[in-house]
Amino acid sequence: MGTKQQITERISGLLRESKLSVTETRTKILELFMKSNGALEHSDFEKLAGQSFDRVTVYRTLQTFLDKGIIHKIPTTDTSVRYALCKSECSEHHHHDHHIHFKCEECGNTICLDETDVPQIQLPKGYAAHNVEVVVSGVCKSCK
Ligand SMILES: [Zn+2]
Ligand SMILES: [Zn+2]
Ligand SMILES: [Zn+2]
């Protein structure tokens, strides 16, 4: 978490590393990510909507962050889209988010389990896997 000052510094650092200029929308969206414990979905950003925040801008900003390796998409079992902050090893066009996502049935949060690798899956002969997404559902440690 950290103080507001630390968060502001982290945000400008992240944007600088990704060669993005600091805009109000980018700052506000990154602030939301840093203050949340888990994944965010579109409705979380829409709560921000005001004069300076139209949906198109929010959508475009999220797409930029995805492209730059700042956030990644989280697979969901419904049609919603969720995003979470990437770790520092992600860069433009090179995501390394091979971790398990955990969806809590109690609080509804989706959490990145960065320390937990996706298990190797044995596919039948002739199949080639390009991407494996694992979402585990259950009860998180805060709800236990
Ligand atoms: Zn990533
Ligand atoms: Zn929970
Ligand atoms: Zn994740």
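Reader: In which strand is the place of T110?

Author: T110 belongs to strand β5. Strands are DSSP runs of E with at least two residues, helices are H or I runs of at least four, and both are numbered from the N terminus. This is a predicted model, in which local features need pLDDT of at least 70 and side-chain atom pairs pLDDT 80 or more, while totals for chains, interfaces and linings use all residues. Residues count from 1 along each chain as its sequence is written, chains are lettered from A and ligands numbered from 1 in the order written, and side-chain values use heavy atoms, without hydrogens or water.

Reader: Is T110 buried or exposed?

Author: Buried means under 20% relative accessible area, exposed over 50%, partly exposed in between (1.4 Å probe, protein chains only). T110 has 3%, so it is buried.

Reader: Which residues does T110 touch, not counting those up to four places away in sequence?

Author: A contact is a pair of heavy atoms within 4.5 Å. T110 touches G38, A39, I74, R82, H101, F102 and K103. Keep H101 in mind: it is also a donor to the zinc ion (ligand 3).

Reader: How many helices and strands are there in the protein?

Author: The count is 4 helices and 6 strands. Their order from the N terminus is α-α-β-α-α-β-β-β-β-β. The C-alpha trace spans about 50 × 35 × 30 Å along its principal axes. Of the 144 residues, 34% are buried. Take the contacts between residues at least 6 apart in sequence: 53% of them join residues at least 24 apart.

Reader: What coordinates the zinc ion (ligand 3)?

Author: Look for donors: N, O and S atoms within 2.8 Å of the metal (3.2 Å for Na, K and Ca), with water absent, so sites may look incomplete. Here they are H72 (NE2), H99 (NE2), H101 (NE2) and C112 (SG), at 2.0 to 2.2 Å. The spacing along the chain is H-x26-H-x1-H-x10-C. H101 in strand β4 and C112 in strand β5 are 11 residues apart, and the pair links distant parts of the chain. Relative accessible area is 3% for H101, so this residue is buried. C112 has 18% and is buried too.

Reader: What is the arrangement of the 4 donor atoms around the zinc ion (ligand 2)?

Author: Four donors are tetrahedral if all angles lie between 85 and 135 degrees. The angles here are 104 to 118 degrees, so the arrangement is tetrahedral. The protein donors are C104 (SG), C107 (SG), C140 (SG) and C143 (SG), lying 2.3 Å from the ion. Their spacing reads C-x2-C-x32-C-x2-C. C104 lies in strand β4 (residues 99-104) and C143 in the segment after β6 (135-138), 39 residues apart. C104 has a relative accessible area of 0% and is buried, whereas C143 is partly exposed at 31%.

Reader: Which residues are the protein donors of the zinc ion (ligand 1)?

Author: They are C86 (SG), C90 (SG), H95 (ND1) and D97 (OD), 1.9 to 2.3 Å from the ion. In sequence the spacing is C-x3-C-x4-H-x1-D. Angles of 100 to 120 degrees make the site tetrahedral. C86 and D97 both sit in the loop between β3 and β4, 11 residues apart. Both are buried.

Reader: Which residues have the most contacts inside the largest nonpolar core?

Author: A nonpolar core joins buried Ala, Val, Leu, Ile, Met, Phe, Trp, Tyr and Cys residues through side-chain atoms within 4.5 Å. The largest has 19 residues, and I29, F33, F45, L62, F65 and I71 have the most contacts inside it. At least two residues come from each of α1 (4-17), α2 (24-35), α4 (55-67) and β3 (82-85). Take F45: leaving aside neighbours within four places in sequence, it contacts I29, L32, F33, L40, V58, L62 and Y83.

Reader: Which residues are closest to the centre of the largest pocket?

Author: A pocket is an open set of points on a 1 Å grid over the protein atoms alone, where a 1.4 Å probe fits, with protein on both sides within 12 Å along at least five of seven lines; lining residues have an atom within 4 Å of a point. Of its 28 lining residues, R10, I70, L85, C86 and K87 are closest to the centre. Two or more lining residues come from each of α1, α2, β3 and β5 (110-117).

Technical notes:
Four donors count as tetrahedral if all angles lie between 85 and 135 degrees; four count as square planar and six as octahedral if opposite donors are over 155 degrees apart and all others between 65 and 115; anything else is irregular.
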